[in-house]
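Open the model in your viewer and keep the selection panel at hand. The stops below go from the whole chain to the sheet and then to the helices.

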Amino acid sequence: SRSRELQVLRELTRSEEQTKTTREAAAMKIMRIMEDREKEIKAENLVKSRGIEECVIISEAGMSTVVIKGSKAAINEDEVKDLIGPVLKLNENEICMVFRGQEIE
């Protein structure tokens, strides 16, 4: 859905039919999305640096979901939340952990 949103926003920024204000607002939204994605990648890399092979983080307003390959018993949830919370600018109650035994696609 993020890819589709970016596509629509890019079209808005290029459209001469849109007002300058609309084009600028679309450009600002693109920047926020890119900044959020950068935070997600940074947080994913921090989790992986702790020996977790596969991790995907999906951020939305005020909430992030962390999908980790592995069992809940083998991973310290509090450590992961403490590690990524500052990067995502979220507290531990705003981070949801999901554990999967299969590969993450």
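What share of the contacts in the chain with a separation of 6 or more comes from residues 24 or more positions apart? The share is 55%. Bear in mind that this is a predicted model.

Start with the whole chain, coloured by secondary structure. Along the principal axes, the C-alpha atoms fill a box of roughly 55 × 25 × 20 Å.

Switch to a surface. The chain exposes about 7200 Å², with 48% of that supplied by carbon and sulfur atoms. Of the 105 residues, 30% count as buried.

Next, select the strands. They form an open sheet with mixed pairing, in the order β1-β2-β3. β1 (55-60) and β3 (95-100) are at the edges with a single partner strand each, so one side of each has no neighbour in the sheet. From one strand to the next, the twist averages 15°.

Zoom in on β1 and β2 (residues 63-69), which pair in the antiparallel sense over six bridges. Select C55 here: I68 in β2 stands opposite.

Finish with helix α3 (residues 77-88). This helix also packs on the sheet, touching β1, β2 and β3, and its direction makes about 130° with that of β3.

Conventions:
Residues numbered from 1 in each chain as written. Predicted model: local features only at pLDDT ≥ 70, side-chain atom pairs only at ≥ 80, totals over all residues. Heavy atoms only, no water. Pairing = 2+ DSSP bridges. Helix = DSSP H or I, 4+ residues; strand = E, 2+ residues; numbered from the N terminus. Axes fitted to C-alpha atoms, helices over the stretch in contact; angles between N-to-C directions. Contact = heavy atoms within 4.5 Å. Buried < 20%, exposed > 50% of the residue type's maximum accessible area, 1.4 Å probe, protein only. Areas by Shrake-Rupley, 256 points an atom, 1.4 Å probe, with all protein chains shown as cover.
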